[in-house]
Amino acid sequence: MRADRQPLTTSSPTAVRNLGILAHVDAGKTTVTERILFATGAIHKRGEVHHGTTVTDFDAQERDRGITIFAAAVSCAWSGHRVNLIDTPGHVDFSDEVERSLRVLDGAVAVFDAVAGVEPQSETVWRQADRHGVPRIAFVNKLDRAGADLDTAVASIRERLGVVPLVVQLPIGAEDSFSGVVDLLGMRSVHWRTGSDGYQVGPVPEPLREEAARRRRLLEETVAELHADALEEFCSASALTERTLARALRELTLRGDGVVVLCGSAYRNRGIEPLLDAVLAYLPSPADMPPVRGLVTDGVEQERAPDPAQPFTALAFKVTATATGRLTYLRVYAGTLRKGATVLDAATGRTERVGRILRVQADRHEEREEAVAGDIVAVIGLKAARAGTTLCAPGAPLVLEPPSVAEPVVSVAVEARRNSDTGRLSAALARLAEEDPSLVVRSDAESGQTVLSGMGELHLEVAVEKIRSGHGVEVVVGRPQISYRETVVRGVGGLVHRHVKQDGGAGQFAHVVLDVEPLEEPCFEFRSTVVGGRVPQEYARAVEAGCRDALSEGPLGGFPVTGLRVTLTDGATHSKDSSEMAFRAAGRFGLREALRLSTMELLEPLVEVTVTLPEEGVGGVLGDLAARRGRVSASTAEAGTAVITAAVPLAELFGYASRLRGRTQGRGTFTTRPAGLAPVPASVAAALPAR
């Protein structure tokens, strides 16, 4: 039997599925996408990730690295429906691409490795989909691998994701002998022959009939527990019909009360056609989604239904620069957009003209005359729209909630190798930040460097390479100056400082007595215990301002000072020569002198690193973390996967991504978050240059 490659016959929102493919890196997302495109006739030759021939991983860096970096949109037709599909990255560094994609999707297929089950990034993207309320079905991939087991993978879905898995298929064969599935709803077999593009439907194989009946009964019982109508039928007839079961599965999926689970091997082209049927059967169309809500100009909420006759409303979720022009990707929520139309940026009030409308096939485009509610398209001609911009009909403004942008966690310093390229580098960085809102460019006030910040070291590597290859600018990348701090370990008391200056005319006089003591928290506190009006309140405030001036440079290496309390205990004034300026100078110079007499310590920023890796690589990773002065706080292992949590100095993390890949054959990943400050060992502090 050949795949159902019926052409699209209607543009109704009910015949559209806006679908995302979500998973951990290397779970097979891109291969699943390629097989969907092949099964639907959108492509005529199967692409392979390891050969660099996939449609969606079209960027040179994606093909070189063998991973998805940029979310890619493609479109295909199946059983008279239009499927708009976005292949999202699986690496944690590009989770912001997933976030922006989920904002505009109606449903998703979560792909899991049949050996590893739910991996850390799988859980991350699952939680992202939870936040956006995106219904999902699950596809357990790579059943042909040694050690693959559907039941183990399903158990990890239940335990780690906290959802009710509704398994609708039973594998035929295991590992190398995996050849098909039993459809538990229709109680039939679906079999794929090696070397054939089609599949055969037949009865359940005799050795599997008893097991298939048991699993069908278990599925019916689980559904009946979750769905009222199914429970009523189950109680009256002690069974569920295929129609009732299918309807209940769809409603449970849309409500998020259960997750339909299918299985297969995308690499061997087995399981894709039933997956496409499940997408149409269980995941929502734009017409199934509630009306989109936004704010009109006066701040009042308003709804717009996914109807082509409604006022045009769309959200821009991605911007890229290509040889054909600046592409702005839109999800059309309501109304109709026609070529040449004028649209309104609802937030800024600016109008722009849409030059062309394109249906995107990764790096290839098909021009269209219009886009209607439910469509995902790209347009050319918009100059100011950014990711998160709401575009609408000029006479009907509505501002939609934009996708959230994560805070960057890793930074590098960048500068042009040639001074003549400085302007081009600035333009390239601005373009990068426009295309990827999770990249932040700033000028460091302490070091004077241009700092590029992103979601991880790989994220920044990709950005820098894009500057070099895409903009022709040779870039020098260095470590940004680490934000070291100095703190007081043992302070001094009764430090007397007299500020006296006489150079003709009115002089300056201020007399202060300061106590300096350490604080556990990295902050600065000032208080005054002077009594009897010896130092008026306005002069005490000036002393505090002077002390804050002195915190900018400590005595050890000129780094900012933190973690101390300064107490003004006594002082004296002059009837004519005292002023706020004099007491501010006394506070500044007095505290500097006190810090020189105190016992000081250098602090460095720490980050909490969570490393996920194959269990066999734990020894090497622990040794590498120890060499980076890391302190391991937790280490767990389950189902062949280990998770290590450690506190590591930020200065030691540069280059860690590539080192981890090398020690884990590319299978290790890590995430970071700030973990405060810690003392720098004396041997390390001695080697640091002063500011």
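The model is predicted, so please note the limits: local features need pLDDT of at least 70, side-chain atom pairs count only at pLDDT 80 or more, and totals for chains, interfaces and linings use all residues. Residues are numbered from 1 along each chain as its sequence is written, and side-chain values use heavy atoms, with hydrogens and water left out.

I begin with the chain as a whole. It contains 16 helices and 38 strands; these are DSSP runs, H or I of at least four residues for helices and E of at least two for strands, numbered from the N terminus. Of its 691 residues, 53% count as buried. Here buried means under 20% relative accessible area, exposed means over 50%, and partly exposed lies in between, with a 1.4 Å probe and protein chains only. The chain exposes about 29300 Å², and carbon and sulfur atoms supply 49% of that area; the areas come from the Shrake-Rupley method with a 1.4 Å probe, and for residues only the protein chains shown count as cover. Among contacts with a separation of 6 or more, 72% are made by residues 24 or more positions apart, where contact means heavy atoms within 4.5 Å.

Which residues touch the most other members of the largest nonpolar core? They are Leu19, Val109, Ile137, Leu219, Val223, Leu249 and Leu262, in a core of 43 residues. Helix H9, residues 272–282, gives this core its largest share, seven residues. Ile137 has contacts with, among others, Val109, Leu262, Leu275, Ala278, Val279 and Tyr282, leaving out residues up to four places away in sequence.

Helix H9 itself is largely enclosed by the rest of the structure, because nine of its 11 residues are buried. Those buried residues include Glu273 and Pro274 as well as Leu275, Leu276 and Tyr282. In the loop between H9 and strand S12 (292–295) we find Ser285. Ser285 counts as buried because its relative accessibility is 2%. Beyond its neighbours within four places in sequence, Ser285 is in contact with Pro13, Thr14, Val16, Arg17 and Asp106.

The next topic is a sheet. It is an open sheet of four strands in the order S30-S31-S34-S32, with mixed pairing. Strand S30 (495–501) and strand S32 (524–528) are the edge strands, each pairing on one side only. From one strand to the next, the twist averages 25°. Two strands pair if DSSP finds at least two bridges between them; S30 and strand S31 (residues 508–518) are joined by seven bridges and run antiparallel.

Helix H12 touches S31, S32 and strand S34 (564–572), and its direction makes about 155° with that of S32. Helix H13 touches S30, S31 and S34, at about 40° to the direction of S31. For these angles, axes are lines fitted to C-alpha atoms, for helices over the stretch in contact, and angles run from 0 to 180 degrees between N-to-C directions.

Finally, the salt bridges. How many does a search of the whole structure find? The search finds 42, each defined as a side-chain nitrogen of Lys or Arg within 4 Å of a carboxyl oxygen of Asp or Glu. Arg588 forms one with Asp549, the closest N and O atoms being 3.6 Å apart. This pair links distant parts of the chain, with Arg588 in H13 (residues 580–597) and Asp549 in H12 (residues 537–550), 39 residues apart. Arg588 is partly exposed at 22% relative accessibility, and Asp549 is partly exposed at 24%.

Within helix H6 (residues 209–226), Glu220 and Arg216 lie four residues apart, about one turn of the helix. Their side chains meet in a salt bridge of 2.7 Å, N to O. Are these two residues buried or exposed? Glu220 is buried at 6% relative accessibility, and Arg216 is buried at 11%. By contrast, Arg293 and Glu301 meet in a salt bridge of 2.2 Å, N to O, with Arg293 partly exposed at 41% and Glu301 partly exposed at 49%. A network of salt bridges links Glu123, Arg127, Asp130 and Arg136.

Conventions: Core = buried A, V, L, I, M, F, W, Y, C linked by side-chain atoms within 4.5 Å.
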